[in-house]
Amino acid sequence: MDTLLFNTRDELIRVSLRHVVYFEADGNYTQIFFENGQKATILYSLVKLESLLDEKLRGKKQPFIRIGKRYIINSACVFQINTLLQKLVLTNFDTSNVFTLSVSKDALKSLKDLFIQK
């Protein structure tokens, strides 16, 4: 599976994309949430990360989808899309970890339409 390396002066973070549930924007930083509950912070904006993912996964099935301004999610982890409550529930189904995100109705409607078209 594809791996990203984020190397700074003080640390190296190795990210196996297979284990990522979602990425969340935090200013110039991005929080990475893993299926086992771990979390990492990298000094990459979500826009820069999205470009890196596109480059890394070029020519392959792209599992990551940009949702609104704050999130890039692993589409394989989508469990529930509730547009009325503006809620997106993600899980990998192998662990007991469940992630609930607050997402705009428009972004959720677009995501729902994307899944229905598949």
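The charged end of Lys48 sits over the ring of Tyr44, 4.6 Å from the ring centre. Such a placement requires NZ of Lys or CZ of Arg within 6 Å of the ring centre and within 35 degrees of the ring normal. This is a predicted model, in which local features need pLDDT of at least 70, side-chain atom pairs count only at pLDDT 80 or more, and totals for chains, interfaces and linings use all residues. Residues are numbered from 1 along each chain as its sequence is written, and side-chain values use heavy atoms, with hydrogens and water left out.

**The sheet of 5 strands**

- An open sheet of 5 strands runs in the order E5-E4-E3-E7-E6, with antiparallel pairing. Strands (E, at least two residues) and helices (H or I, at least four) are DSSP runs numbered from the N terminus. Two strands pair if DSSP finds at least two bridges between them.
- Strand E5 (39–42) and strand E6 (64–67) stand at the edges. Each has a single partner strand, so one side of each lacks a neighbour in the sheet.
- From one strand to the next, the twist averages 20°. Axes are lines fitted to C-alpha atoms, for helices over the stretch in contact, and angles run from 0 to 180 degrees between N-to-C directions.
- Strand E4 (residues 29–34) and E5 run antiparallel, joined by 4 bridges. Ile32 has Ala40 in E5 as its bridge partner.
- E6 and E7 are also antiparallel, with 4 bridges. Ile67 stands opposite Tyr71 in E7.
- The hairpin of E6 and E7 has 3 residues between the strands. There, Gly68 takes a positive phi near 60°.
- Helix H1 (residues 46–56) lies across strand E3 (20–26), E4, E5, E6 and strand E7 (71–74). H1 runs at about 145° to E3.

**The sheet of 3 strands**

- Another open sheet has 3 strands in the order E8-E9-E10, with antiparallel pairing. E8 and E10 are the edge strands, each pairing on one side only.
- The twist here averages 15° from one strand to the next.
- E8 and E9 pair in the antiparallel sense over 4 bridges. The partner of Gln80 is Val89 in E9.
- Helix H2 (residues 105–117) packs on this sheet and touches E8 and E9. The direction of H2 makes about 130° with that of E8.

**Aromatic pairs**

- The structure holds 6 aromatic pairs. Rings of Phe, Tyr and Trp (its six-membered ring) pair if their centres lie within 6.5 Å; planes under 30 degrees apart count as stacked, over 60 as edge-to-face and the rest as tilted.
- Phe79 and Phe93 form an edge-to-face pair, 5.9 Å centre to centre with 65° between the planes.
- That pair links distant parts of the chain, 14 residues apart. Phe79 is in strand E8 (residues 78–82), and Phe93 is in the loop between strand E9 (87–90) and strand E10 (99–102).
- Phe79 counts as exposed at 54% relative accessibility, and Phe93 as partly exposed at 48%. Buried means under 20% relative accessible area, exposed over 50%, partly exposed in between (1.4 Å probe, protein chains only).
- Ring pairs also link Tyr22, Phe33, Tyr71 and Phe99 into a cluster.

**Around Asp2**

- Asp2 lies in the segment before strand E1 (3–7). Asp2 is buried, with a relative accessible area of 13%.
- The side chains of Asp2 and Lys60 make a polar contact (2.9 Å). A polar contact is a pair of N or O atoms within 3.5 Å; within protein, one must be able to donate a hydrogen and the other to accept it, and residues adjacent in sequence count only if both atoms are side-chain atoms.
- Leaving aside neighbours within four places in sequence, Asp2 is in contact (heavy atoms within 4.5 Å) with residues including Val15, Leu17, Leu57 and Lys60.
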